[in-house]
Every structure is written in C-alpha cells, then in structure tokens.
Amino acid sequence: MGWEDTGPCAPLRQQAAIGRGGLSSGGITLAALLFAPTDLTETELLLQGEVRAFLANELPRGTFAPGLGMAAPRDRAFSAKLAQRGWIGMALPTHYGGHDRSAVDRFVVSEELLRWGAPVGHHWVADRQSGPMINRFGTDEQKRRFLPAICRGELSFAIGMSEPDAGSDLAAVRTRATRVDGGWVVNGTKVWTSAAHESDWFVVLCRTGDASEDRHAGLSQLIVDLRSNGLTISPIPFLSGRRDFNEVALEDVFVPDQLVLGEIGGGWGQNTSELAHERGGPERWLSTYLLLEELLRSRSQLFGAERAEVMLGDAVARWWAMRRLSLSVARMIDSGEAPAVQSALVKEMGTRFEQDVLGCVLELIELEPVRDGESMFERLLFEAVLSAPSFTIRGGTNEILRSVASKGLSAL
C-alpha cells in the first residue's frame, strides 16, 4: 500500500511533477519559451573532471569543515590557489588578468566548488558579479585598478543594494549621493551586507537624481572603499552565532568621480544586469546538496524504505531540472543577453527546492539538530536548519521574483 503524499516532502514532489510537465501554464510551455535546452560539451566535461580531481587532492573529505553553498568559509590562500589555476575571473579579458573563458566554464567550476563545500567566501562576490560589472560598465582606469587583483584572488567585494526599507524592492532605495567638487558625498544605510566586515569594497546602489514618478530613474552605482572615513560596519548576528550579515552606515562618505561605475542615472539598468549574475547560478539550488549527500553517506540504511526512495528520486529529478535551467542562463550570458526574468525564475524555484530538500531530510530522520554534533551530517544539519529560511530571502524574496517573472512574461 502506498503512503499519503503529505508532510515536508510534499512540496518537493509537487514541484518535481510540475518540472516533468515542462512548467506548463495555460497551455504555454514556459521552459521551452524561456530556456534553450543545453548540456555540457566534451570540453566542459573535461574541465569538470579537472576541478573534481583538484578538490579531491587539495581538500580531501574529512580534512576540512565544508560549508553549505556560497555561505562557505573564507580562505584567502585557497582563493589564491584557484586563481593560480585560472579559475577566478575566468570570463574576464586576458589583458586585465582574466582568461577570456565563458560564463559556462565558470558555472562548471562554481558547481563543483559548491558541491564540495569548498571555502569560496573570500572571492565569491568579486568573481561572480563585481568583476563582470566593472568589466562591462567600468572605465579603463577602473578595469586596470580592480580586475587584475580580482583575478589573482586578492580583492573581495560585498553587495551594497538592500536597505532597511528597500530589500527586494530596490526601486525604494534612499541612500543618496550628492555632487561635490571632485566627486560625491554619500549618506544612507545598507543592510544584510554579507561579509562587509571582511571585504575590501562594495558597489553601492544610490540616488543621484531628483525624485520623479519613475522610481527607477536617478539611480547610480558607486564603488566604495569599505574602510572609508564615515563608514561604520555593525554586525547583524545570525541564529547560529555566525557573523555574516552587517549593517553599513555611510555618513558623509566621499567617493571620487573616478569610482562612479557606469553612467550617472544608469544604475537601475546596470543593477538589473548584475542580478542576472547573482540570481541564476548554481548557488541558488546547491545549498543543501552536501547535506543530502552526507545523509546518503552516513545513513544509507534509510534508503531501503519506499518513502526514502521516492524522496531521493524526486530530489534528484528536481536537481537535474534546476541544473539545466541554470546552465541555460549561463549560455544566455555568454551570448550577450541579460536574462533577468530567467534568473528570477531559477532563484525562485531553486531556493524553494533547497528548503524542500531540508524538509525531506528532517522528515526521514529522528534527530534534534545541535551546534556541535558528533558527525559531519549533524553539523551540516544544524547549519541548514538555521540558514534555510534565508534562502528565499537573500538575493530577492520569492514574492518579488514572481513579480519580476510575471512582468517579464506579460511582455512576451
């Protein structure tokens, strides 16, 4: 007799069924409409094997404490080793220290690093979005100043978007930059600024124009030194005791004209382009991968029961679906597109998937998560339980992402 389809695993199975149906809505196959089918080429598979061999040799299982996805620890020495192999700044131009490789190549490397739980925190934001943004919109002087150091794994960046009253709704940003001789004076507050206390710079979205009916107008981006006079970083403690999030207060912080990124007033369009890099990658559906892998490794006896086998099968099916969609986004970036709608869909579905995997794991086991568990699985479970609520918030709440997707689809 079969079992009733209820409990924490039910959303995962329901999403998997939707995925198998092609994300159908009103007779239109959205996946076919928005995402071109794709897979890794032979050359890309060779790169995948190279990264796997490197990780097995450099970070053997049991010799380090793995992290969950992009919330992994920071390790400058490890970032430098990746840079020496050409795996940071992969898609940036060679004359600025990059390697003229594709966004898909970076996807391959990032997927393996995240899957392994490698300590990618130091270079993550700079490599994922700050470097590509500076390369696309920055001046030659900015490119010479920042890109080589990013590609060497030296510089780290944070994200200066969210504010107390402007989280996912970035059009509500109030931080203001006022024109002065030789530059701009910035006043305002940014929140949820991950790793600001450990980073060198952050790109600040702020208002430089007068108020108008178009809330997207008058926004600009500035590259701000996190050690500037007038800048105060205050921790926002996490439930686990970790200090990842911060509030960054800017009081009369001077930013020279040379650090304006792109065009004054062009911030909204630039920021939208940046979000395509931030929302569509493997970090949006791999946060609980290692937890499930460790469950399989340490408690394989659970997977003789029907409930466990069905859960695992649905998780794997959904994982492959998310991977294909995310890979398609990387192909679009390589073709010069800015797939904001597709990235929003990937993040919305991917982060719900991450949470549902955790729900299924908790349904299968009888274990109270504790901070200092005896096994790797117990420690990962504790971290996942505390951090999972943030999956559907960081980088844009699901409600906002659905709105982005809806508006994008209505324009088709």
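User: What is the volume of the largest cavity?

Analyst: Rolling a probe the size of a water molecule over the atoms shows where empty space is left. In this predicted model, the largest cavity has a volume of about 30 Å³. The structure holds one cavity of 30 Å³ or more.

User: Which residues line the largest cavity, and which helix gives the most to its lining?

Analyst: The lining consists of Trp87, Arg106, Val109, Ser110, Leu113, His123, Trp124 and Asp127. Helix α5 gives the most to this lining, with four residues. Both α5 and α6 supply at least two residues each to the lining of the largest cavity.

User: How many nonpolar, polar and charged residues does the lining of the largest cavity have?

Analyst: By class, four of the residues lining the largest cavity are nonpolar, two are polar and two are charged.

User: Turning to the pockets, how much space lies in the largest pocket, and which residues lie nearest its centre?

Analyst: A cavity is a space from which the probe cannot get out, whereas a pocket is open. The largest pocket holds about 1,000 Å³ of space. Its lining comprises 45 residues, and those that lie nearest the centre are Met70, Trp192, Ser194, Phe245 and Arg394.

User: Which elements supply at least two residues each to the lining of the largest pocket?

Analyst: They are the helices α6 (124-137), α8 (267-279) and α12 (376-391), together with the strand β3 (157-160). The largest share of this lining, five residues, comes from α12. Sorted by class, the lining of the largest pocket has 21 nonpolar, 13 polar and eleven charged residues.

User: Why does the second largest pocket lie between domain 1 and domain 3?

Analyst: Domain 1 (42-155) and domain 3 (274-410) both give residues to the lining of the second largest pocket, and it therefore lies between them. At the level of helices, α5 (103-116), α6, α8 and α10 (306-334) each supply at least two residues of that lining. Helix α6 gives the most, with six residues.

User: At roughly what angle do the axes of α6 and α8 cross?

Analyst: The axes of α6 and α8 cross at roughly 140° and come within 9 Å.

User: Is the crossing of α6 and α8 left-handed or right-handed?

Analyst: Helix α6 passes α8 in a right-handed crossing. Each of these two helices also supplies at least two residues to the lining of the largest pocket, and each does likewise for the second largest pocket.

Key:
Residues are numbered from 1 along each chain as its sequence is written. This is a predicted model: local features need pLDDT of at least 70, side-chain atom pairs count only at pLDDT 80 or more; totals for chains, interfaces and linings use all residues. Side-chain values use heavy atoms; hydrogens and water are left out. On a 1 Å grid over the protein atoms alone, a cavity is a set of points where a 1.4 Å probe fits but cannot get out, and a pocket is an open set with protein on both sides within 12 Å along at least five of seven lines; lining residues have an atom within 4 Å of a point. Grid points are joined across faces, edges and corners, and a volume is the space filled by probe spheres set on the points. Ala, Val, Leu, Ile, Met, Phe, Trp, Tyr, Cys and Pro count as nonpolar, Asp, Glu, Lys and Arg as charged, and the others, Gly among them, as polar. Domain bounds come from an automatic or database domain assignment. Axes are lines fitted to C-alpha atoms, for helices over the stretch in contact, and angles run from 0 to 180 degrees between N-to-C directions. A crossing is left-handed if the near helix is turned anticlockwise from the far one by less than a right angle, and right-handed if clockwise.
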